[in-house]
Amino acid sequence: MARDEAATRMFGPPSRGVMRSLPEHGIDPASLYAASNVFYGQGILRLRPGFTKASSSPGAPSDPAFGEIPVGIGWANTLTGNFDVYVAAETNLWRLRNGTGSWTDISGAVTLTAGSTDRARWTTIYNKGTDETAFLFATGTDPLVRSLNGANFTAITGVDNAQDICTCAARVIQVFTPNLIKWSDIYNSGTWPSLNFVYQGDTPGRIVACRNLGTLGVAIYKEDCIIVGYSQPGSPAAAFRWETRVMRPGPASKNAVVDAEGIHYYMTPRGRIASFDGTNFSWIGDGAWPFLFDDATSGFDFFNAYQTTGFYDPGYGIVVFIYPTLADNGSGPTGLAIVTLPRPEWGVESYGIWPGTLSWPVASATQVFYTSGQFALVCRRLTPFMVNFFDNAVTADQGTNFNWSFQTGLQSVRGVQEVTKMEIEAFLARNASYGSATLEAITSHILGSDAGGSVSSSQTIDLTATTLVRDVKGFDVTGRFLGLRVSGASNTGVPRYKGAIVSAYSE
């Protein structure tokens, strides 16, 4: 056997996510042909974080007694110094105070009528007339309800069933399908003057969601365009100036818009991901869009787009969308699209999309700010209904393990007349607790299909072996194009991948 140096190929740690829009031999080493439940963070490819139920968190609150699907989750810092997390179930409203103790039913005289297909959105505002923090829920089915400083919820009289709510320029904004926008008095969530409204019927599509843009602007997301309202002086009825900014498909649902570092990110009903900052609009990560849209099992389920939700995790600089897949068959969502934001200091120059799958479906999600930190909460849409933390320290979804994998693109082999053997040295971090990973060689002769190549027999990499200098695996394979696949389960292996060397030989 003779080695040809021209047959050596280097694969670095991929930082650009999945690039399924390219042919498998056109994917550069900084991207992947396929991946599941991994992402690039702080210079290495790693396992995605899992979810820990709230009762296992440092505050160790009791597990909630929700008897129905949670349709919304939010939070507020009250003027009395408390940090409250609120959950709207289908009929009841719950509060957890300061991350400890028990979940308290604070429905009061309010009984929601939301069903399992409804989703609740929330906002907070200072209520000047009562000198209290007002927390508000809108389900699209029930009149607006609010809690003042964490007290029992009450219905706000004289308001309709808002599709979505947010706060801008010291006013609460309500949007109604198909085209109506209303706003409250300044610092008053309970007073809605009859002239404080505008219709946007001359723009295409129905209103889906609203989000504030800083303190003086608000984005109204419709099915086919984005309208921006700018705060302006004058009468309350003319408190905003409205402009149509973008003529593009809007978000899949009112919970499918995520605010991260002042930029809105959203997922459309076709699984495409966009960013909007009030002025500039971009499609991001379109290289992965065919994977999210076309895949027969993990593809986006258009008919259940209302289930889409998302959150931001600042620790790794990622936006996470949880979307309904075709495999969910309406009982989801369990699909994951992890968006890595540009981080030049980590070697991430552009957006990357990393697909994945949850172990159980999620009903709602949000990110919260608490004691100078930020973290994400999700509510399971599965009995027993639980609130979970997105936890960088765990590798399971509330005790349920998940599989992970990633597959490189194919690189051509030059200088070898006929490949009969491959050797792969995968650079994975070693630790006594990291377990093992499965390594497979990927080959293709003629790129005759879009399957990413043929998969060889597998070999095991022992990640607990911390004294190895070289750990080269040999494969008896033939091919004109070469790559590799690494996989495992979250309870048996923890990947910390930093690249690989693939060598081809002929005899």
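Is D164 buried or exposed? I looked this up first in the predicted model. D164 has 0% relative accessibility, so I noted D164 as buried.

**Entry: the partner of D164**

I found the side chain of D164 in a salt bridge with that of R121, at 2.9 Å from N to O. D164 lies in strand β14 (residues 164-168) and R121 in strand β10 (residues 121-127), so this pair ties together parts 43 residues apart in sequence. R121 has 9% relative accessibility and therefore counts as buried.

**Entry: other salt bridges**

I noted a count of 17 salt bridges. One of them joins the side chains of D476 and K421, at 3.9 Å from N to O. D476 sits in the loop between β38 (473-475) and β39 (481-489), while K421 is in strand β35 (residues 421-428), 55 residues apart. I put D476 down as exposed, at 69% relative accessibility, and K421 as buried, with a relative accessible area of 18%. Salt bridges with shared partners join R121, D164 and R211 into one network.

I also looked up R245 and E243, whose side chains meet in a salt bridge at 3.1 Å, N to O. R245 is partly exposed at 34%, and E243 is partly exposed at 27%.

**Entry: nonpolar cores**

I then turned to the largest nonpolar core, which has 74 residues. Those touching the most other members are I273, F311, V319, F321, F406 and L484. Strand β27 (residues 318-323) gives this core its largest share, six residues. I listed contacts of F321 beyond four places in sequence, among them Y265, M267, I273 and L336. A second, separate core has 34 residues, including V71, L96, I106 and L112.

Technical notes
Residues numbered from 1 in each chain as written. Predicted model: local features only at pLDDT ≥ 70, side-chain atom pairs only at ≥ 80, totals over all residues. Heavy atoms only, no water. Core = buried A, V, L, I, M, F, W, Y, C linked by side-chain atoms within 4.5 Å. Buried < 20%, exposed > 50% of the residue type's maximum accessible area, 1.4 Å probe, protein only. Helix = DSSP H or I, 4+ residues; strand = E, 2+ residues; numbered from the N terminus. Contact = heavy atoms within 4.5 Å. Salt bridge = Lys/Arg side-chain N within 4 Å of Asp/Glu carboxyl O.
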